[in-house]
Structure formats: structure tokens, C-alpha cells
Amino acid sequence: MSAAAVRFVEVLRHYGDVRAVDGVSLEIADGEFFSMLGPSGSGKTTCLRMLAGFERPTAGRVELHGRDVTDLPPYERDVNTVFQDYALFPHLTVAENVAYGLTIKKVARPEIRRRVDEALDLVRLPGYGARKPGQLSGGQRQRVALARAQINRPRVLVLDEPLGALDLKLRQQMQTELKGIQRQVGITFLFVTHDQEEALAMSDRLAVFNQGRIEQVGTPAEVYERPRTVFVAGFVGTTNLLLGALAERLTGTAGPAAIRPERIRMLAPDAVPGADEAGAAGLIREAVYLGMHTRYSVELDGGGELGVVAQNLDLDAADAASAHGRRVQLAWERSAVRPLVG
Amino acid sequence: MRRRVATFLFRHPRWSLALLLGPPLLWLGIVYLGALGALLVQSFFHIDEFTGQVVKSFSLRTYAQLFSPANLDIFRRTTVMAFAVTIAAALVAFPLAYYMARYARGRVRSLLYLGVILPLWSSYIVRVYSWKLILAKEGILSWMFSAVGLGWVLESILSVPGVGGPSLSFSALGRFLVFLYIWLPYMILPIQAALERVPKSLLEASADLGAPPGKTFRKVTLPLALPGVIAGSIFTFSLTLGDFIIPGTIGDSSLFIGQAVLRHQGTAGNVPLAAAMTVVPMLIMAGYLTWARRLGAFDAL
């Protein structure tokens with residue numbers, strides 16, 4: 001087993017009193033599509049910048065394929081970056097931008113031309129070489145930035161919220177493309193985002209950041225299905241957080257726990273939950289029809305509220321509208337309730 | 001009533017544009033371009049050698065006079081000085097502007113700004129005269145040189161023909177120093193503004209793609225700062241070409257274009273020749289800008 005592509009060992013980064021990164025240890029395997037997910041200011045971008053070499057850790061170590069690179073400047077690291085603002089050189093053409101890394105390395109001209117063409121094909125912008133970045137749309141610039149970053153064939157490619165500036169449709173399209181390109185070139189991708197859907201959709205594994213620390217690392221399914229902490233449960237997807245008295249009543253334990261709204265079944269008021277199931281009765285306070293599904297808010301008889309999402313298999317907008325004020329019995333599998341850490 | 005005017009202008013944006021741009025365009029058209037046109041017309045008149053009267057008919061006689069050895073000498077002297085001042089100003093200004101744009105923060109930054117702009121608050125003639133005192137034979141500069149035992153260095157510099165003279169205040173070198181001092185802010189500020197507009201991420205991207213700092217500077221910083229350098233050089237170059245106060249105060253009796261123009265339209269009463277002479281710096285500037293454009297100085301604009 002070869003060394004991990006990327007290793008953070010007890011990395012700290014403090015700015016005065018601000019602990020931007022507060023003890024992060026992490027291993028990313030070779031060829032993995034790994035995401036760092038977290039709200040802004042959670043330390044994920046600082047981690048990325050320490051990996052690329054723009055910042056130095058206050059303490060700790062950063063390793064690339066087993067080699068300690070903590071003190072290496074960016075130009076001596078086998079990492080390339082797709083910047084959030086793309087950072088395309090405005091005075092150079094698209095082809096010159098893409099060729100930049102090769103020009104620095106003094107690669108022979110015919111070889112540069114060939115690889116630039118290849119790279120532009122890869123990001124589906126053939127024939128755009130002669131344009132200036134100013135003449136491109138946001139999505140096109142994003143592709144050029146990607147082509148430029150991967151042309152040196154780095155062993156790790158880091159992407160800093162690369163899709164943040166794109167509109168929804170384009171973003172979804174680029175998600176699929178990025179994933180495809182990653183499979184094609186086989187480089188380790190380290191993807192930073194605050195968009196949990198994006199992280200879930202694209203990653204092999206992801207790390208959830210909060211206040212300079214990692215709350216949980218796992219596959220998208222693990223993180224979604226078995227959130228470890230209250231923060232993860234709340235940040236990744238929507239969830240019903242069960243605390244204090246409500247938790248006591250529904251689960252029998254006081255500790256914080258979570259249940260996803262789609263895991264709760266809504267039954268007729270006189271129905272009885274199954275053998276492995278727990279349940280509660282309540283009143284529908286709100287029903288929001290969302291096309292594919294309907295989102296209910298149910299006020300429980302003993303106090304407290306649960307969100308429930310039901311697919312609209314045989315229900316239409318009129319049913320949803322009339323649901324308001326109806327009594328229901330809720331039921332869920334006991335295993336769907338996940339205990340959480342503070 | 002006011003509301004109706006506002007509504008009218010809102011519905012007819014062309015009208016509000018015309019109202020906004022009309023006065024300045026009129027001013028520019030009549031006063032500015034008009035004066036320039038009058039100048040151009042005058043330059044094609046000539047002086048009748050017997051009567052000393054201006055003959056108001058088209059001829060190239062005045063322009064022919066520009067090619068007299070004395071006049072060519074003036075043009076050469078002025079242009080060489082303008083180039084020297086521009087290059088030196090760019091070399092001195094760049095590091096300072098770079099520091100101001102990239103590194104200086106807070107108080108240091110404000111102090112530097114103030115330091116650059118403050119001299120512009122005082123009269124430029126006063127500053128030129130104060131330099132005359134600094135550069136004089138009994139002035140502080142030569143005193144400092146001899147105080148540290150380097151008087152001979154100054155002597156040997158002043159003995160270089162074409163550059164030196166009896167003292168710094170009567171030498172071409174003195175003129176150069178004062179020009180450099182007076183125009184320096186006009187070079188610093190545009191370069192600083194250009195550098196300020198270069199996002200930090202571009203420099204990071206260059207480093208990220210394998211370029212050490214020196215290469216990043218040459219391939220990214222410098223090309224993106226070039227429009228600022230060119231803008232600054234347009235100031236320093238054209239201001240030096242047209243100035244008559246500095247060469248009239250500092251240096252020997254050799255003339256610059258500005259002084260010659262002043263003399264011809266004033267004491268000599270030869271307005272056509274003065275007009276023709278002002279056309280020369282305009283042509284030189286036009287040539288300079290064309291050259292800068294060829295160089296790609298405006299590509300990044």
C-alpha cells in the first residue's frame with residue numbers, strides 16, 4: 001500500500017487569536033475525489049491553501065505522497081489549483097493561459113501545442129485557444145482554469161469552490177463533467193465547497209469542517225445516513241434534531257439524536273406503527289407542495305415538531321393543501337434515529 | 001414641474017446624456033481643440049523678413065526653419081532629456097509603487113501616499129528654486145559631498161562634457177535631477193494604480209503553475225503593470241518636452257523646446273515659428289504612443 005496522496009498531520013493555522021485551522025489530521029488516498037465541506041470560515045479553504053503552499057501551517061505537517069512539503073513554496077509542489085475566481089491571466093490568450101505551466105517548465109513548443117489542444121479538448125473548448133479570457137463566459141473560464149491546472153499533470157488537483165459563481169443548471173452540468181474528467185485523468189481531486197449537495201453528488205469521500213476542525217470524514221452515504229455530530233446532521237441535508245425532553249420521549253435517551261424527514265412515514269391517525277418502529281401522533285401544521293415531494297410540519301401531541309417529507313406518488317397539490325390541520329400518526333424505524341455527539 | 005422634467009429625462013435618456021455631455025464637449029471643442037486648430041493654422045504662416053509682419057498665407061517656410069542646426073539641437077536636447085527622465089522615473093517609481101500596492105498597509109500606506117502627493121501641494125516654481133539652492137556650488141549637496149570626503153567624485157562627474165558644468169545647478173545633470181524629482185509622483189501613482197488592480201490570485205496562480213517569484217514578476221506582474229508605466233511615462237515624457245521653467249532655472253543657457261517657444265512668441269514676436277515648434281513635441285508624442293502601442297502596452301487595458 002503506497003503512502004496517501006495527501007496527509008495533514010495535526011495541522012494548525014492561527015492568525016493572531018483566530019484559529020482558522022485548529023488541529024486537522026486527514027488522509028486522502030491516491031486517485032480519490034475528496035471534498036472538504038463546511039460553511040465559510042470553517043477552515044477548509046485555509047487547508048487547501050496550505051496544501052497548495054500559499055500559507056504555512058502554524059504547527060503540524062503537510063505531506064504529499066509521503067514527502068513532507070510543509071516548507072516548500074507553491075512552485076516546488078506537485079499540486080495545481082483551480083481558483084475560486086479562476087485567476088486567468090487577462091493579458092494572455094486562452095492557449096497561453098493553458099500553456100503557462102508548460103512554458104515555465106520550458107517544454108518544447110510542438111509538445112506544448114499538442115498538449116494545449118488536448119487539454120482544450122478535455123474541457124470541451126476546442127478552437128478557443130486564440131481568445132482572451134475576457135471574451136469567455138463564466139462557465140468557459142471555469143473550464144479554461146481547469147485545463148490550465150491539470151496540464152502539468154499534477155498528482156493532486158485542488159479546486160477552491162470552482163462552481164460557486166455558476167448558475168444552477170451550469171453547475172450541475174459541470175459537476176458531472178468534473179467527475180468525468182477526474183475519472184479520465186485519474187488525478188487525486190481535492191474539492192472545496194460549502195454546497196452540501198455538490199459534495200454529496202461528486203465525492204468519493206468528504207470531510208465536514210466546522211470552526212477549524214473536522215467533524216466527520218466518510219463517504220457521502222455514511223455522512224448523510226450516520227452523521228456523527230449535531231453540526232454534521234444539521235449541515236448536511238435537512239434533519240429533525242431531537243434534543244432534551246423531545247429526545248427523551250421519542251427515543252428514551254436524553255442525548256442529541258437526529259432523524260431525516262424522509263425516514264418518517266405518515267399514517268392514518270388510527271394506524272399502529274410496526275414492530276421495529278417507534279411513533280408519535282400529531283397534527284399537520286403546514287404542508288408545502290414541492291412538485292416531486294411535499295414537506296410537512298407536524299406538531300406532536302406531547303409538544304415539539306417534526307418535519308416529514310413524503311414523495312408525491314399518488315398525491316396532488318390539492319391534497320397537500322387540504323392536509324393542513326389533519327391528524328396523523330407518524331412512524332419510523334428505530335434504527336433511523338441516529339444518536340449524535342454534542 | 002421639476003417632477004415632469006425628471007420624468008421627461010427618465011423617458012428620454014438621450015436628452016439627459018446630451019445635457020450632461022453638452023457643456024464639457026462644447027468647452028473641449030471650442031476652447032481646447034479650437035486653440036489647437038488656431039495654433040496649427042498659425043504654424044503655416046510666416047514672418048516677412050523686411051517688415052517683421054506675419055504674412056497670413058499658407059507656406060511651409062516656417063517649418064523649413066525648424067531644420068536649422070540650432071533648432072535641431074534644441075529638439076535633440078529636449079527629447080534626450082525627456083527619455084532619460086522617463087526611464088529614470090520608471091526605474092525609481094516602480095519599486096516604490098510595487099511596495100505601496102503589494103505590501104504597505106495601514107499607517108505606512110497612508111504615509112507613503114502623503115509623501116508622494118504632498119509635494120504637489122506646493123508651487124512647483126518654489127520647489128524648482130529650492131532645488132537651485134540645493135544644487136548650487138555652495139549648496140547642501142556639494143557641502144555633503146566634501147564633508148564625507150567625496151568632493152572629488154562630484155568634481156569628476158561635473159567635468160564630464162555634456163552632463164556636467166561649473167556646478168550641479170548649472171549642469172544638464174542638475175536639470176535631470178530636478179525633472180526627475182518634479183515628475184516622479186506622476187509616474188508613481190499610475191504604476192501603483194495598475195499594480196493595485198492585479199489580483200493576488202494571479203500571482204498565486206503563477207506560483208502554483210511552477211513559476212518562481214522572478215518569473216512571476218516578468219510574466220504576470222510586469223505585463224499587467226505596463227499600462228501604468230506607459231500612462232506615467234506619457235506624463236513624464238510630455239511634461240519634460242513642454243517644460244520651460246526647469247531648464248530656464250537650472251542648467252546652462254542651452255534652450256529646451258518650451259523656452260524656445262516662449263522666446264519666439266514673446267520677445268521675438270515670431271508667433272508662426274513658436275506655433276511650428278509646439279507641433280514638434282506633439283509629433284514626438286504621437287510617435288511615442290504609436291511605439292508604445294506596437295509594444296503591446298495597451299493590450300491589457
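Visitor: In β9(A), which residue is the bridge partner of A:Met36?

Guide: The model is a predicted one. In chain A, strand β3 (residues 33–37) and strand β9 (residues 205–210) pair in the parallel sense over four bridges. Within β9(A), the residue bridged to A:Met36 is A:Ala207.

Visitor: Which residue of β8(A) stands opposite A:Met36?

Guide: β3(A) also pairs with strand β8 (residues 188–193) of chain A, in the parallel sense and over five bridges. In β8(A), the residue opposite A:Met36 is A:Val192.

Visitor: How many of the five residues of β3(A) are buried?

Guide: A residue is counted as buried when 20 or more other C-beta atoms lie within 10 Å of its own. By that criterion strand β3 of chain A is mostly covered, and its number of buried residues is four.

Visitor: What percentage of the residues of chain A count as buried?

Guide: Chain A contains 10 helices and 18 strands, and its C-alpha trace spans about 80 × 45 × 40 Å along the principal axes. Of its 342 residues, the buried share is 40%.

Visitor: What share of the contacts in chain A with a separation of 6 or more comes from residues 24 or more positions apart?

Guide: Two residues are in contact if their C-beta atoms, placed from the backbone, lie within 7 Å. Among the chain A contacts with a separation of 6 or more, residues 24 or more positions apart account for 63%.

Visitor: Which element gives the largest share of the side of chain A that touches chain B?

Guide: In total, 18 residues of chain A are in contact with 17 residues of chain B. On the chain A side, the elements giving two or more residues are β6 (79–82) and α2 (94–104). By class, this side has 11 nonpolar, five polar and two charged residues. The largest share, three residues, comes from α2(A).

How values were computed
Residues are numbered from 1 along each chain as its sequence is written. Chains are lettered from A and ligands numbered from 1 in the order in which they are written. This is a predicted model: local features need pLDDT of at least 70, side-chain atom pairs count only at pLDDT 80 or more; totals for chains, interfaces and linings use all residues. A residue is buried if 20 or more other C-beta atoms lie within 10 Å of its own, exposed if 12 or fewer, and partly exposed in between; C-beta atoms are placed from the backbone. Two strands pair if DSSP finds at least two bridges between them. Ala, Val, Leu, Ile, Met, Phe, Trp, Tyr, Cys and Pro count as nonpolar, Asp, Glu, Lys and Arg as charged, and the others, Gly among them, as polar.
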